[in-house]
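The entries follow the order in which I looked things up.

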Amino acid sequence: SKVVCVYDNDTLIGLSTYRIKEGNLHIYYIVVDNNYRNQGWARTMLSAIINNNSVDNYTCNIRENNIGSINLFKSFGFEQIGEEQYEDGTLKLKFKK
């Protein structure tokens, strides 16, 4: 797995992990500290991941109630391709670009 981090001076404010396997880049998560949300940091990390990796497919899974993440990924051209349930019963939406 690879990690993208965002710092404000020496303070870690966001990170994302992803893995490339067989032409597919799967983004596991993008997390931003509550104090830095809605400032474009998640967009910056997602943009860096896409712009610095040339692969055939990009995929991710997003909980159905995470509207902010769903909208972010859709704004980058990701489309929903399926869904599954997590063990806790919440719905996981599968996206691909």
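**Entry 1: charged pairs around Glu 84**

I first looked up Lys 94, which is partly exposed, with a relative accessible area of 25%. I worked from a predicted model throughout. Lys 94 forms a salt bridge with Glu 84, and the closest N and O atoms are 3.3 Å apart. This pair links distant parts of the chain, since Lys 94 is in strand β6 and Glu 84 in strand β5, 10 residues apart. I then found that salt bridges with shared partners join Glu 84, Lys 92 and Lys 94 into one network. In the bridge between Lys 92 and Glu 84, the closest N and O atoms are 3.3 Å apart.

Is Lys 92 buried or exposed? I noted a relative accessible area of 14% for Lys 92, so this residue counts as buried; the cut-off for buried is under 20%. Glu 84, at 37%, is partly exposed.

**Entry 2: the remaining bridge**

How many salt bridges does the count give? The count comes to 3. One of them joins the side chains of Asp 88 and Arg 63, at 3.3 Å from N to O. I recorded that this pair also links distant parts of the chain: Asp 88 sits in the loop between β5 and β6, Arg 63 in strand β4, and 25 residues separate them. Asp 88 is exposed, with a relative accessible area of 54%, whereas Arg 63, at 33%, counts as partly exposed.

**Entry 3: the sheet**

I next traced the strand order. The model has an open sheet of 6 strands, ordered β1-β2-β3-β4-β6-β5, with mixed pairing. Its edge strands are β1 (2–8) and β5 (79–85), each of which pairs on one side only. On average, neighbouring strands are turned by 25 degrees against each other, direction ignored. I looked at β3 and β4 (residues 57–63) in detail: they run parallel and are joined by 4 bridges. Ile 27 stands opposite Cys 60 in β4.

**Entry 4: the helices**

Helix α1 (residues 41–51) packs on the sheet and touches β1, β2 (11–21), β3 and β4. I noted that its direction makes about 160 degrees with that of β3. Helix α2 (residues 67–75) lies across β3, β4 and β6 (91–96), and runs at about 165 degrees to β4.

**Entry 5: a surface patch**

Which residues form a nonpolar patch on the surface? I found Tyr 28, Tyr 29 and Val 31, which together have about 270 Å² of accessible area. Tyr 28 lies in strand β3 (residues 24–32) and is partly exposed, at 39% relative accessible area.

Definitions and conventions: Residues numbered from 1 in each chain as written. Predicted model: local features only at pLDDT ≥ 70, side-chain atom pairs only at ≥ 80, totals over all residues. Heavy atoms only, no water. Patch = residues over 30% accessible without salt bridge, like charges linked within 9 Å, V, L, I, M, F, W, Y side chains within 5 Å. Areas by Shrake-Rupley, 256 points an atom, 1.4 Å probe, with all protein chains shown as cover. Salt bridge = Lys/Arg side-chain N within 4 Å of Asp/Glu carboxyl O. Helix = DSSP H or I, 4+ residues; strand = E, 2+ residues; numbered from the N terminus. Buried < 20%, exposed > 50% of the residue type's maximum accessible area, 1.4 Å probe, protein only. Pairing = 2+ DSSP bridges. Axes fitted to C-alpha atoms, helices over the stretch in contact; angles between N-to-C directions. Contact = heavy atoms within 4.5 Å.
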